[in-house]
Amino acid sequence: MAMDLGDLAAFVSVAEAGGFREGARASGTSASGLSEAVRRLEARLGVRLFNRTTRSVAPTEAGARLLERLTPALGEVEAALDVVNGFRDRPAGTLRLNVPVSAARLVLPRIVPPFLAAYPDIRLDVVAEDSFVDVLAAGCDAGIRYDERLEQDMIAVPIGPRQQRFATAAAPAYLDRHGRPQHPGELLDHACIGGRFASGATIAWEFERDGEVVRVNPSGPLIVRVGAATDLAVDAAVAGVGIIALFEDWLQPHLDSGALEPVLEPWWQQFPGPFLYYPGRRYLPAPLRAFIDFIGRPHRSR
């Protein structure tokens, strides 16, 4: 029974994403195109592959069995086709990365322009978010994460600065009015600009000096969603709303200009830089191999 490879791939996209719209976003196609491909496949097989309701799309038992066998098979097909790509003079194709907003702001700007200049036939698709989704389920080839967020059974290689710091800062005018704290515990008496994860959890601030670790749950007039509204928090700090805690590199332009003044700098906590992580497949897509090689060059590791 002859089957269209594109229809099979469409079925896998919908099944893995949990819906036609989600599958379309992950695969870069249209929801209507995926729906039509699945209809063709079901007609040829003579069996329903999905149970559809207004709220969900889930594989039937037949669909689940097909997905179980088809996913590794299509992976082998993709790998086989990518081997041919290796015979090209220049790697080509799309590389899709899932990264936190901080990496999109602080790490990728130094890497993306020279990488695209070196590999003009590669298209880079960057999805920036802070919900820490499964990169493979999201249809991405690789992701950028910090050490505590790395998933098991994935390969991780350093990308960007190898050491970073969380900085606390405030506008000089705010500190003139309210005083300059000398110990993290004094932040409880200050207006602090807080952050909240997508899960709803608020972020505690951690400080360290001479082996002493202090954890503070700040309070203040403003709380922002991590990543999506970080620039609002920075603007508010510059305007004198309160004290902000953020990546030092993010605040550095304002520290350099004097718009923000360091607060508790001897207590700023240092942590390892981010990693590019990806599944340990035998065959990696050529664009991903090229990206790994590019960031591994000595002048890119700093």
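Which residue lies over the face of Phe275? I looked, and Arg162 does, at 5.0 Å from the ring centre. My cut-off for a charge over a ring was NZ of Lys or CZ of Arg within 6 Å of the ring centre and within 35 degrees of the ring normal.

Ground rules. This is a predicted model, so I noted that local features need pLDDT of at least 70 and side-chain atom pairs count only at pLDDT 80 or more, while totals for chains, interfaces and linings use all residues. Residues are numbered from 1 along each chain as its sequence is written, and side-chain values use heavy atoms, with hydrogens and water left out.

Strand S12. Four of the five residues in S12 are buried, so the strand is largely enclosed by the rest of the structure. Buried here means under 20% relative accessible area with a 1.4 Å probe, protein chains only. S7 (residues 163-170) pairs with S12 in the antiparallel sense over four bridges, and S8 (residues 192-196) runs parallel to S12, joined by two bridges. Pairing takes at least two DSSP bridges. I found Ile244 opposite Ala169, and Ile244 is also the bridge partner of Ile193.

Arg96. I placed this residue in strand S3 (residues 93-99). Arg96 is buried at 15% relative accessible area, and its side chain makes a polar contact of 3.1 Å with that of Asp125. A polar contact is an N or O pair within 3.5 Å; within protein, one atom must be able to donate a hydrogen and the other to accept it, and sequence neighbours count only through side-chain atoms on both sides.

Rings. I searched the whole structure and got ten aromatic pairs. Phe, Tyr and Trp (six-membered) rings pair with centres within 6.5 Å; planes under 30 degrees apart are stacked, over 60 edge-to-face, the rest tilted. Tyr146 is in the loop between S5 and S6 and Phe271 in S14, so the pair ties together parts 125 residues apart in sequence.

Core. The largest nonpolar core has 25 residues, with Phe291 and Leu97 among those touching the most other members. H10 gives the largest share, six residues. A nonpolar core joins buried Ala, Val, Leu, Ile, Met, Phe, Trp, Tyr and Cys through side-chain atoms within 4.5 Å.

Methods
Buried means under 20% relative accessible area, exposed over 50%, partly exposed in between (1.4 Å probe, protein chains only).
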